[in-house]
Amino acid sequence: MAEPAPPLPPRDPRGPIAATIAAVARDGRVLLVRRAHPPDAGRWAFPGGKIEPGETVHAAAVRELHEETGVRGEALHVFDARDVYERDEHGALRRHYILIAVLCRWTGGEPVAGDDALEARWFALDELESQQLALSFGVAEVARQAARLAGAQA
């Protein structure tokens, strides 16, 4: 008779936390929000947030897109994943997020800042290279990927 498996250790509350980002490219522009809350408060990033228990990655991307921007979209497919680490002033890990990038097709609406956003608007890809624009880490690279994929979908 096999021995029962030992109990699992308690989960570390620092993460990782699964979250999604909705990458919408339309007419050569991408939709970004200026984040209202950490991580990266005040920086431009894709609309997104935590995946709720029982929610699919695609459903979370579409929900977060609408909650943060008022834009409606259809989730097409996952195309990237990024680790994001939130640290305290001493460098200790506060939270570890795994951001799952979902390419979404715009189906309606124009951007208006919603629950977790200070601003929401469309950006041309070349605007993302500006030194004056405070972007979250990796946004420009993910935006270029999304634009390429959206062009291939058209």
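## Charges over rings

The charged end of Arg 121 sits over the ring of Trp 44, at 5.8 Å from the ring's centre. This is a predicted model. Arg 26 lies over the face of Trp 106, 3.6 Å from the ring centre.

## The aromatic pair

Trp 44 has another partner to look at. A search of the whole structure finds 1 aromatic pair. Its members are Trp 44 and Phe 123, with ring centres 4.8 Å apart. Their planes stand at 75°, and planes over 60 degrees apart count as edge-to-face, so this pair is edge-to-face.

Where do the two residues lie? Trp 44 is in strand E3 (residues 44-45), while Phe 123 is in strand E7 (residues 117-124). The pair therefore ties together parts that are 79 residues apart in sequence. Trp 44 is buried, with a relative accessible area of 6%. Phe 123 is buried too, at 0%.

## The largest pocket

The largest pocket holds about 580 Å³ of space. Its lining has 27 residues. Nearest the centre lie Arg 35, Pro 39, Val 84, Tyr 97 and Leu 99. By class, the lining has 13 nonpolar, 8 charged and 6 polar residues.

Which element gives the largest share of this lining? Strand E5 does, with 5 residues. Strands E1 (17-26), E4 (48-50), E5 (72-87) and E6 (93-108) each supply at least two lining residues, and so does helix H2 (139-153).

Definitions and conventions. Residues are numbered from 1 along each chain as its sequence is written. This is a predicted model: local features need pLDDT of at least 70, side-chain atom pairs count only at pLDDT 80 or more; totals for chains, interfaces and linings use all residues. Side-chain values use heavy atoms; hydrogens and water are left out. Rings of Phe, Tyr and Trp (its six-membered ring) pair if their centres lie within 6.5 Å; planes under 30 degrees apart count as stacked, over 60 as edge-to-face and the rest as tilted. Helices (H or I, at least four residues) and strands (E, at least two) are DSSP runs, numbered from the N terminus. Buried means under 20% relative accessible area, exposed over 50%, partly exposed in between (1.4 Å probe, protein chains only). A charge sits over a ring if NZ of Lys or CZ of Arg is within 6 Å of the ring centre and within 35 degrees of the ring normal. On a 1 Å grid over the protein atoms alone, a cavity is a set of points where a 1.4 Å probe fits but cannot get out, and a pocket is an open set with protein on both sides within 12 Å along at least five of seven lines; lining residues have an atom within 4 Å of a point. Grid points are joined across faces, edges and corners, and a volume is the space filled by probe spheres set on the points. Ala, Val, Leu, Ile, Met, Phe, Trp, Tyr, Cys and Pro count as nonpolar, Asp, Glu, Lys and Arg as charged, and the others, Gly among them, as polar.
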